[in-house]
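Please open the model beside this note. The points below go through it part by part.

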Amino acid sequence: MYASDAGGLMDTLASAFAADPLAAWLFPDEDRRAAYQDGFYRSFLGHPGAEAYAAGGEGAAIWLRLKAGERLDAGDAPPGGPLARLFALGAALAARHPVDRPHVYLAVMGVVPPAQGRGIGSALLRDRLARADRDGLPAYLEASSPGSRALYLRHGFADLGGPVRVEDSPAVQPMRREPAATDS
């Protein structure tokens with residue numbers, strides 16, 4: 001399930017979020033949205049702890065293995081322009097991202113609309129969460145929709161405070177999952 005084709009991974013994620021309200025809010029220029037999403041997702045792949053997973057062309061996930069105290073820094077936000085919303089929401093979420101100990105961070109996961117509801121998201125979660133459990137690592141993510149939040153709750157995540165909103169953005173819910181006990 002590990003992905004080696006970055007282009008295919010980006011295409012899957014762009015398709016998965018093509019009609020997503022948060023993606024539309026972050027990147028309101030419909031003609032440029034896919035290009036902005038591509039750059040955003042690729043930025044995660046540049047992290048030294050990046051792990052990319054794909055389920056054919058139907059689903060994809062990018063996880064980051066983060067050290068204690070490590071913060072994701074997007075750099076200085078432009079005061080305006082097409083990425084201002086992305087930087088503003090990123091800053092608001094960064095303030096909530098736990099840095100108390102090493103953990104895995106689900107930076108992005110998406111399933112293309114025709115394949116949703118078939119267990120692909122659960123499959124993408126199960127493998128990485130099982131390894132996090134074996135390693136004794138908590139997991140962190142931000143749910144961008146009620147449906148994704150429900151999926152993450154089913155996999156042992158809990159809300160980490162209330163939802164985050166910037167201006168008129170859709171709500172984004174930070175969530176954390178403690179490692180489950182394993183027999184190994």
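1. Are Phe27 and Tyr36 buried or exposed? Phe27 is buried, and Tyr36 is buried too. Here buried means under 20% relative accessible area, exposed means over 50%, and partly exposed lies in between, with a 1.4 Å probe and protein chains only.

2. A word on the basis. This is a predicted model, in which local features need pLDDT of at least 70, side-chain atom pairs count only at pLDDT 80 or more, and totals for chains, interfaces and linings use all residues. Residues are numbered from 1 along each chain as its sequence is written, and side-chain values use heavy atoms, with hydrogens and water left out.

3. Start with the aromatic rings. The structure holds seven aromatic pairs. Rings of Phe, Tyr and Trp (its six-membered ring) pair if their centres lie within 6.5 Å; planes under 30 degrees apart are stacked, over 60 edge-to-face, and the rest tilted. Phe17 and Tyr41 have ring centres 6.3 Å apart and planes at 40 degrees, so this pair is tilted. Phe17 sits in the loop between helix 1 and helix 2 (21–26), while Tyr41 belongs to helix 3, so the pair ties together parts that are 24 residues apart in sequence. Phe17 and Tyr41 are both buried.

4. Back to the opening pair. The ring centres of Phe27 and Tyr36 are 6.0 Å apart and the planes are at 20 degrees, so the pair is stacked. One aromatic cluster is formed by Phe17, Phe27, Tyr36, Phe40, Tyr41 and Phe44.

5. Next, the helices. Helices (H or I, at least four residues) and strands (E, at least two) are DSSP runs, numbered from the N terminus. Helix 1 (residues 6–16) and helix 3 (residues 33–45) have axes that come within 10 Å and cross at roughly 130 degrees. That makes helix 1 oblique to helix 3. Axes are lines fitted to C-alpha atoms, for helices over the stretch in contact, and angles run from 0 to 180 degrees between N-to-C directions. Angles under 35 degrees count as roughly parallel, over 145 as roughly antiparallel, 65 to 115 as roughly perpendicular, and the rest as oblique.

6. Which residues meet where helix 1 contacts helix 3? From helix 1 come Ala6, Gly7, Leu9, Met10, Leu13 and Ala14; from helix 3 come Gln37, Asp38, Tyr41, Arg42 and Leu45. Contact means heavy atoms within 4.5 Å.

7. Look at Ile120 in helix 5 (residues 120–135). At 12% relative accessibility, Ile120 counts as buried. Ile120 and Gly59 are 61 residues apart in sequence but 6.5 Å apart in space, C-alpha to C-alpha. Not counting residues up to four places away in sequence, Ile120 touches Ala55, Glu58, Gly59, Val111 and Ala115.

8. Finally, a loop. Arg165 lies between strand 5 (158–159) and strand 6 (173–177). With 54% relative accessibility, Arg165 counts as exposed. Arg165 and Ala92 are 73 residues apart in sequence and 8.0 Å apart in space, C-alpha to C-alpha. Glu167 lies in the loop between strand 5 and strand 6, and at 67% relative accessibility it counts as exposed. Phi of Glu167 is near 55 degrees, a positive value in a residue other than glycine.
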